[in-house]
Amino acid sequence: MVEISIPSTRLADGHGIPMVGIGTHKLQGDEGLAALTSAIGLGYRLVDTAAQYGNEEVVGEALRASGVPRDELQVMTKLRGSDHGRDGARRGLEGSLERLGLDHVEHYLIHWPNPSRDLYVESYAAMLELRDEGLVGSVGVSNFKPAQLQRLHDATGEWPAINEIQLSPLLARRELRAFQRDRGIVTVAWGPLGLRDRLPERPVVHEVAHETGRGLGPTILRWAVQQGIVVIPKSSSPGRQRENAELFDFTLTDSQMARLDSLDLGEGAAWDSDTHEEL
Ligand SMILES: NC(=O)c1ccc[n+]([C@@H]2O[C@H](COP(=O)([O-])OP(=O)(O)OC[C@H]3O[C@@H](n4cnc5c(N)ncnc54)[C@H](OP(=O)(O)O)[C@@H]3O)[C@@H](O)[C@H]2O)c1
């Protein structure tokens, strides 16, 4: 089997990150293990997980079963809401490392800001210390808005390396992305296939996919990677995992990009992290 070669982009802190990773939400047990073993075997080198997903053990098992050297693999996991705070951040990371069976992770993110508790700045500062101790490669966040990102920088002088946000052609997040681009924050897209909002049913997507001859999934994902956005599609099917990673041998034309751009529902359609909180 020929492995897919997935190019990387560079974070502001100097570390590389593959442009396509495998999402793991809902990948559990033996089925999850088989799916992740397949993805790594196909050439995926970035695995997105979270303490909240309850599958870090399975992710760790898949990494070990893959036979791929540890330094070629990247794990992205996340601090859950119930672990926010200075001590909680350390406890949260220690728990994740234990479940993963690892002594460090490449990327550690705050999963949701949970502003009603107002502990995300303190958590972030603690995570920078954990990075300086060598337990974490890059510190990032997820689901943060510009004002929330700004508070992190005001308190620590450092922008997070990554913001992992809900993003697809239906939720293009233009203003947030421009804010991030100007500050060297790499955008990672969750839900990149837009299934929650039934993106694949849109006639425009069918039209563009027909023109590319590459299927709905790859056409949607190409729209993101062509703009420098890292994508982490989840699939338990080896066939769909393969097509979701084979995004670098075709290009969408300006007209195809513009037609997909026209689907944007605006910021109001995205989950709002001023009010949506997760533990
Ligand atoms: N930070 C956050 O708050 C947050 C929130 C949600 C998700 N995430 C992360 O982002 C990852 C991706 O998001 P997601 O899982 O919500 O959504 P997604 O990756 O956009 O969509 C996953 C769904 O699409 C199907 N699928 C995958 N490839 C396909 C293809 N080529 N054609 C048609 N269907 C396809 C999958 O089914 P099959 O498995 O049957 O292929 C699965 O049902 C998650 O797994 C998780 O790691 C992060």
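**A parallel sheet, its helices and the ligand shell**

Strand β7 is mostly covered, with seven of its seven residues buried, where a residue counts as buried if 20 or more other C-beta atoms lie within 10 Å of its own, as exposed if 12 or fewer do, and as partly exposed in between, the C-beta atoms being placed from the backbone. Strands (E, at least two residues) and helices (H or I, at least four residues) are DSSP runs, numbered from the N terminus. The model is a predicted one, in which local features need pLDDT of at least 70 and side-chain atom pairs count only at pLDDT 80 or more, while totals for chains, interfaces and linings use all residues. Residues are numbered from 1 along each chain as its sequence is written.

β7 pairs with β6 in the parallel sense, through five bridges, and L109 has G140 of β7 as its bridge partner; two strands are taken to pair if DSSP finds at least two bridges between them. Both strands belong to an open sheet of eight strands with parallel pairing, in the order β3-β4-β5-β6-β7-β8-β9-β10. The edges are formed by β3 (22-23) and β10 (230-231), each of which has a single partner strand, so one side of each is left without a neighbour in the sheet.

Contact here means that the C-beta atoms of two residues, placed from the backbone, lie within 7 Å, and the angle, on a scale from 0 to 180 degrees, is taken between N-to-C directions of axes fitted to C-alpha atoms, for helices over the stretch in contact. Helix α2 (residues 56-66) has as its buried residues E56, V58, V59, G60, A62, L63 and S66, and these pack against α1, β4 (46-48), β5 and α3. After α2 comes G67, whose phi is positive, near 75 degrees.

The largest nonpolar core has 75 residues, and those with the most contacts inside it are L36, Y108, V230 and V231; such a core is a set of buried Ala, Val, Leu, Ile, Met, Phe, Trp, Tyr and Cys residues joined through C-beta atoms within 7 Å. Its largest share, six residues, comes from α8. V231 itself touches V20, A189, P192, L221, A224 and V225, when residues up to four places away in sequence are not counted.

Around the ligand there are 24 residues, of which G23, H25, L193, G217 and K234 come nearest, a residue being near if its C-beta atom, placed from the backbone, lies within 6 Å. The elements that give two or more residues to this shell are α8 (216-225) and α9 (238-245), and α9 gives the most, with three residues.

Two residues other than glycine have positive phi values: K26, at about 75 degrees, and R173, near 50 degrees. K26 is found in the loop between β3 and α1 (29-42), and it counts as partly exposed because it has 13 C-beta neighbours inside 10 Å. R173 is found in the loop between β8 (162-166) and α6 (174-182), and it counts as buried because it has 22 C-beta neighbours inside 10 Å.
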